[in-house]
Amino acid sequence: MTATQNQPATGQATAIGQHTPDQSAATLGRQLAEFAAAYGPGGRPLPEAVTRSVAQRVLDILGIAVAATSLPTSAAVIELARERGGRPAARAIGLTGRVPASEAALVHGVLAHSLDYDDTHLPSVLHPSASVVPAALAAGDEVGADGAQVTAAIAVGLEICVRVGMAGYDRASGVNRYFERGQHATSLCGALGSAAAAAKLYRLDADGILHALGIAASMASGIIEGNRTGGTVKRMHCGWAAHAGVWAAQLAQRGFTGPETLLEGRFGLFQAFLGGEFDAEAVTEGLGRRWEVPGIFFKPYPANHFTHAGIDAAIALRERGLRAADVAAVELGVPTATVRTIGEPLAVKQAPETGYQAQFSGPYTIAAALLGGGGLGLGLDDFTDELARDPVRRELMGRVTVVADARCDAIFPNQFPAVLRVRTHDGTWLEEAVLANRGGSERPLSDDEVAGKFRDNAARVLPAERVEAIAAAARALPDAPSIDDLLGALTAADGVPR
C-alpha cells in the first residue's frame, strides 16, 4: 500500500479552531473519531463560521428535499419507508408519524440528492450535505437532541466526509482516484461522515465513533456510470449513505466493532477503493484547526456541477447580445476529467430523453442558458422531460461539442471552470471564460441568495407560512432547545404529498 505525500489537498478550507489530534501514533480512523468526539456541547465549541455554514446547509438541503417530492423516485422511496414500518423514531417528509431513524435518513437523503442541486466540496468533488444532514436529523430526532448537538454532529460529519474524499485526489497528477475507478465518492465518503454524525448523536465516545466508522466502511458503496449513460440510481446514493451511517452507529451502540485501520489498513477502504494510493495528510493535516466546511460550494443551478461555469459563460454571452438563432457552432471547453460526465457519449448528451439526463449534459445546459432560464440563471423549471426533448433545444444542442481545455485543466478540481467559444453564422467568433464557480469562496452566494433558493424550492410544494417557519427554524438551529420546530414544520400534513 502506498500513501502519497503530496501537498495536502485543502480545497477552500478555513483556518479556524483548536483541536489537534495526535498524529504520531494514532490511525487515521482514530484521529477522525477523536476529532468528532471533541466538539459540541460539553466539549470544544465550533468556530462561528462553521456553525453559520451548517445552518445554511440545513436550509439548503431541506428546500431541495421538499422540491424533490414530486419525482417518481421520491414517491417510491417514501412508499418503501412507509411499507417497511418499524419502531417509530424519526420524522420524514411525506410520511405520517414516525419511522425508524434509518428509514427517515434514507428518505431525506434520496430527496436531497435527487435534483442534483445539493452542495459540492472541492477538490474532493463530492456532495457532502445530502447524506450527513439527513443522517444527523434522523438520529437527532430519535434521541431528542438539541440544536447545538445536531449542529456539531453535522459539522464533524461533513468534515470527515470531505477529508476522506480528499484522500483520493492526487494533486500531482490531477487525478481523482475514486472517479477513475468508477466509484461515487459522494456515497462512499458520505457513509462515513453520516456514521460519525449519527454516532455522536447516539452519545458514543471516541471509541464508539471509531467503531461506527469501521462498520460504515463495510457499507460504503456507489458507482457513477449513471452519470454517463442514464438511470435514476444516483438519486439513491446519498440516501443509502445516510441509511448506512445510521445503521453503523446503531450497530456500534449495540456492541458491533470495526477495524481501527478501516482507512489505511492492508485491506481497508483506501486499498479497496483506491488501490492503496491515497493522500494521508489530506485526511488529518490541520484537522480541527482548518475547517473545510465553510468552503463547501453551494449550487446556484440544479445541474451537475461540472456544467455550471459553462452556464455562466452562456448567460454572459447572451447578456452581450448573442441570440440562440445566431449560433452556428459552440465549443464548450472544460477540464479533461469532466468531459466524460457532461460530454460523452456526445450523441446521448446532445439528445437527452429526460430532464434528469439533461442535468448531466453540457450541450443541454448551454442551450438552455442561451435560450434563457429562471431561478439564479437556470432553475428547476428549465429541466423538464418536455424541454429535454424540445425540437428547438435539440437542434441547438446538436451544434454544441464538449472538449478538453488546457486552461481549465490547470485549475481543476479547485474550481470547475469553462471556456465557451461560439461561432456565429456570419463567421464571428465569441469567447467567454468562467474560471471560478458561483457559490464558492471566490464568488459566494449571499445569505439572501441561499434563502431565496430555499424559498424557490420549498414554495413549489408548501404554503408560504410553512416555508417561512422552516426558514426561521433552520436559522435558529444552533441555539434551538430541540429540532421539533424544524422537523414539525417540515413534515406537517398540509402541502406535502403522502
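## Strand pairing

Two strands count as paired if DSSP finds at least two bridges between them. In this predicted model, strand S9, residues 418-424, pairs with S10 in the antiparallel sense. Six bridges join S9 and S10. Ala-418 stands opposite Val-434 in S10.

## The four-stranded sheet

S9 and S10 belong to an open sheet of four strands. The order is S8-S7-S9-S10, and the pairing is mixed. Strand S8 (400-404) and strand S10 (429-434) stand at the edges. Each has a single partner strand, so one side of each is left without a neighbour in the sheet. Neighbouring strands are turned by 20° against each other on average, direction ignored.

## Helices on the sheet

Which strands does helix H14 lie across? Helix H14, residues 308-319, lies across S7 (327-334), S9 and S10. H14 runs at about 135° to S10.

Helix H18, residues 362-371, also packs on the sheet. H18 touches S7, S8 and S9. The direction of H18 makes about 125° with that of S7.

## A nonpolar surface patch

Val-233, Met-236 and Trp-240 form a nonpolar patch on the surface. Together these residues have about 260 Å² of accessible area.

Trp-240 is found in helix H11, residues 234-253. The relative accessible area of Trp-240 is 38%. Partly exposed lies between the buried limit, under 20%, and the exposed limit, over 50%, so Trp-240 is partly exposed.

Conventions: Residues are numbered from 1 along each chain as its sequence is written. This is a predicted model: local features need pLDDT of at least 70, side-chain atom pairs count only at pLDDT 80 or more; totals for chains, interfaces and linings use all residues. Side-chain values use heavy atoms; hydrogens and water are left out. Helices (H or I, at least four residues) and strands (E, at least two) are DSSP runs, numbered from the N terminus. Axes are lines fitted to C-alpha atoms, for helices over the stretch in contact, and angles run from 0 to 180 degrees between N-to-C directions. Contact means heavy atoms within 4.5 Å. Patches are made of residues with over 30% relative accessible area and no salt bridge: like charges are joined within 9 Å, nonpolar side chains (Val, Leu, Ile, Met, Phe, Trp, Tyr) within 5 Å. Accessible areas come from the Shrake-Rupley method with a 1.4 Å probe; for residues, only the protein chains shown count as cover. A salt bridge is a side-chain nitrogen of Lys or Arg within 4 Å of a carboxyl oxygen of Asp or Glu. Buried means under 20% relative accessible area, exposed over 50%, partly exposed in between (1.4 Å probe, protein chains only).
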